[in-house]
Amino acid sequence: MSILTNLKTNIAKDISFTSEKMIIYLEDGRDVSIPLEWFPKLRDAPLSQLSNWRFIGGGEGIHWEDLDEDLLVKELIS
């Protein structure tokens, strides 16, 4: 088994947005881009609401209070 497999984590440390994507920066150094099109609440939200997020579960999930939306990081990157 490769040691790299053991270094992978599903913990997010930051998030940013473009007009079409959410970019999740993981604790292990990976960046994952996800189309906002997959999530209508996020896609249709203004940047002020998109930017109002917080991590839940120590980075295992992301919560948007204004949008009543929760996403699990492991589900986004699997």
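This is a predicted model: local features need pLDDT of at least 70, side-chain atom pairs count only at pLDDT 80 or more; totals for chains, interfaces and linings use all residues.
Reader: What makes W53 and F55 an aromatic pair, and why is it called edge-to-face?
Author: Rings of Phe, Tyr and Trp (its six-membered ring) pair if their centres lie within 6.5 Å, and planes under 30 degrees apart count as stacked, over 60 as edge-to-face and the rest as tilted. W53 and F55 sit 4.7 Å centre to centre with 65° between the planes, so the pair is edge-to-face.

Reader: Why is W53 called partly exposed?
Author: Buried means under 20% relative accessible area, exposed over 50%, and partly exposed in between (1.4 Å probe, protein chains only). W53 has 22%, so it is partly exposed. F55, at 25%, is partly exposed too.

Reader: And why is T9 called buried?
Author: Its relative accessible area is 15%, so T9 falls under the 20% limit. T9 is in contact (heavy atoms within 4.5 Å) with L26, E27, D28, R30 and I77, leaving aside its neighbours within four places in sequence.

Reader: What makes D68 exposed?
Author: D68 has 57% relative accessibility, which is over 50%, so it counts as exposed. D68 also has a positive phi of about 50° although it is not a glycine. Most residues other than glycine have a negative phi.

Technical notes
Residues are numbered from 1 along each chain as its sequence is written. Side-chain values use heavy atoms; hydrogens and water are left out.
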